Amino acid sequence: MDKAASSAMCAAPAGAPDGNAGAEQRAAPRVTLLIRAAKLVSSTDEFVCVIRDVSETGVSVRLFHDLPAGEALELHMPAGAIYPIGRVWHRGNEAGFRFLSAPVAVEALVNEASDYPKRGLRLSVSLPVRLRSSAGEQMVRVENLSQQGARLACESLLAIDQAVQLDLPDAQGTPRAVRAKVRWRRERHYGVVFDDTFTLGDFARLAARLQAPELLTG
């Protein structure tokens, strides 16, 4: 994002409350971010969101389901940066938060400055699934999940580049066969890459269904 865009001023999000908190957020320089995925993390669950705009004092996001309850949340960026946030307003699946450690360096957040390479969102979810391979069927446990792949705990030996099939739930909770390939092995833990990846929306709704299905009202 160029410097002109980074310094652009945007109107306060619709639905933001009046008062000092809203006035401070309106006064802070704002940048608009299109489809910048991140995680909203509570004490027990992790949810996918899309950052819509950000300033030194706060951020607004869109989710793919209702907003999770509770005030203690963190915004986790894909490259690893973590920002404690407090809720200011919400309307449907959109919400505005203030940074609890403001001011935040907007350029660093937008560019995700990090000593580590950027990677896709990975959720710490745990669920048993059926794995099929040329050697037969077995139950394994998904330890974390992304749009592109998963980490598995498996008692049987799997080979690097071995083709497997996992019965993973879709966004509606219905099991579907997902083809994947084993990319790495560490003792009895394996990393697999999906042949057919999840869209961001389906991934977000699946995460909610696995952790807090009451958030899915549609």
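Colleague: Leaving aside its neighbours within four places in sequence, which residues is glutamine 211 in contact with?

Modeller: This is a predicted model, and in it glutamine 211 belongs to helix α4. With a relative accessible area of 19%, glutamine 211 is buried, since the cut-off for that class is under 20%. Once its neighbours within four places in sequence are set aside, the residues in contact with glutamine 211 are Asp45, Glu46, Phe47 and Val125.

Colleague: Which element gives the most to the largest nonpolar core?

Modeller: The largest nonpolar core has 32 residues, and those that touch the most other members are Val142, Leu145, Leu152, Leu166, Leu168, Val192 and Phe194. Two or more residues of this core come from each of β2 (46-55), β8, β9 (136-146), β10 (149-153), β11, β12, β13 (189-194) and α4 (200-211). The element that gives the most to this core, with five residues, is α4.

Colleague: Which residues does leucine 152 touch, not counting residues up to four places away in sequence?

Modeller: Leucine 152 is among the residues of the largest nonpolar core that touch the most other members. When residues up to four places away in sequence are not counted, leucine 152 touches Leu131, Val140, Arg141, Val142, Glu143, Leu166, Arg188, His189, Tyr190 and Val192.

Colleague: How many residues does the second, separate core have?

Modeller: Apart from the core of 32 residues, there is a second, separate one that includes Leu75, Ile85, Val106 and Leu215. The number of residues in this second core is 24.

Colleague: Which residue is the bridge partner of leucine 131 in β11?

Modeller: Strand β8 (residues 127-133) pairs with strand β11 (residues 163-169) in the antiparallel sense, over two bridges. Within this pairing, the partner of leucine 131 in β11 is leucine 166.

Colleague: Which residue takes a positive phi in the hairpin of β11 and β12?

Modeller: β11 also pairs in the antiparallel sense with strand β12 (residues 175-186), over seven bridges, and in β12 the bridge partner of proline 169 is proline 175. The hairpin of these strands has five residues between them, and the one that takes a positive phi, near 90 degrees, is glycine 173.

Colleague: Is the pair of tyrosine 83 and phenylalanine 99 stacked, edge-to-face or tilted?

Modeller: A search of the whole structure finds two aromatic pairs. In the pair of tyrosine 83 and phenylalanine 99, the ring centres are 5.6 Å apart and the planes stand at 55 degrees, so the pair is tilted. Tyrosine 83 lies in strand β5 (residues 82-91) and phenylalanine 99 in strand β6 (residues 94-99), so the contact ties together parts 16 residues apart in sequence. Both residues are buried, and the class of their ring pair is tilted.

Colleague: What is the class of the pair formed by phenylalanine 194 and phenylalanine 198?

Modeller: Phenylalanine 194 counts as buried at 4% relative accessibility, and phenylalanine 198 is buried with a relative accessible area of 5%. Their ring centres lie 6.0 Å apart with the planes at 75 degrees, and because planes over 60 degrees apart fall in that class, the pair is edge-to-face.

Colleague: At what distance from the ring centre of tryptophan 184 does arginine 186 lie?

Modeller: Arginine 62 lies over the face of phenylalanine 64, at 5.0 Å from the ring centre. Arginine 186 lies over the face of tryptophan 184, and its distance from that ring centre is 4.6 Å.

Key: Residues numbered from 1 in each chain as written. Predicted model: local features only at pLDDT ≥ 70, side-chain atom pairs only at ≥ 80, totals over all residues. Heavy atoms only, no water. Pairing = 2+ DSSP bridges. Helix = DSSP H or I, 4+ residues; strand = E, 2+ residues; numbered from the N terminus. Phe/Tyr/Trp six-rings, centres within 6.5 Å; stacked < 30°, edge-to-face > 60°. Buried < 20%, exposed > 50% of the residue type's maximum accessible area, 1.4 Å probe, protein only. Lys NZ or Arg CZ within 6 Å of the ring centre and 35° of its normal. Core = buried A, V, L, I, M, F, W, Y, C linked by side-chain atoms within 4.5 Å. Contact = heavy atoms within 4.5 Å.
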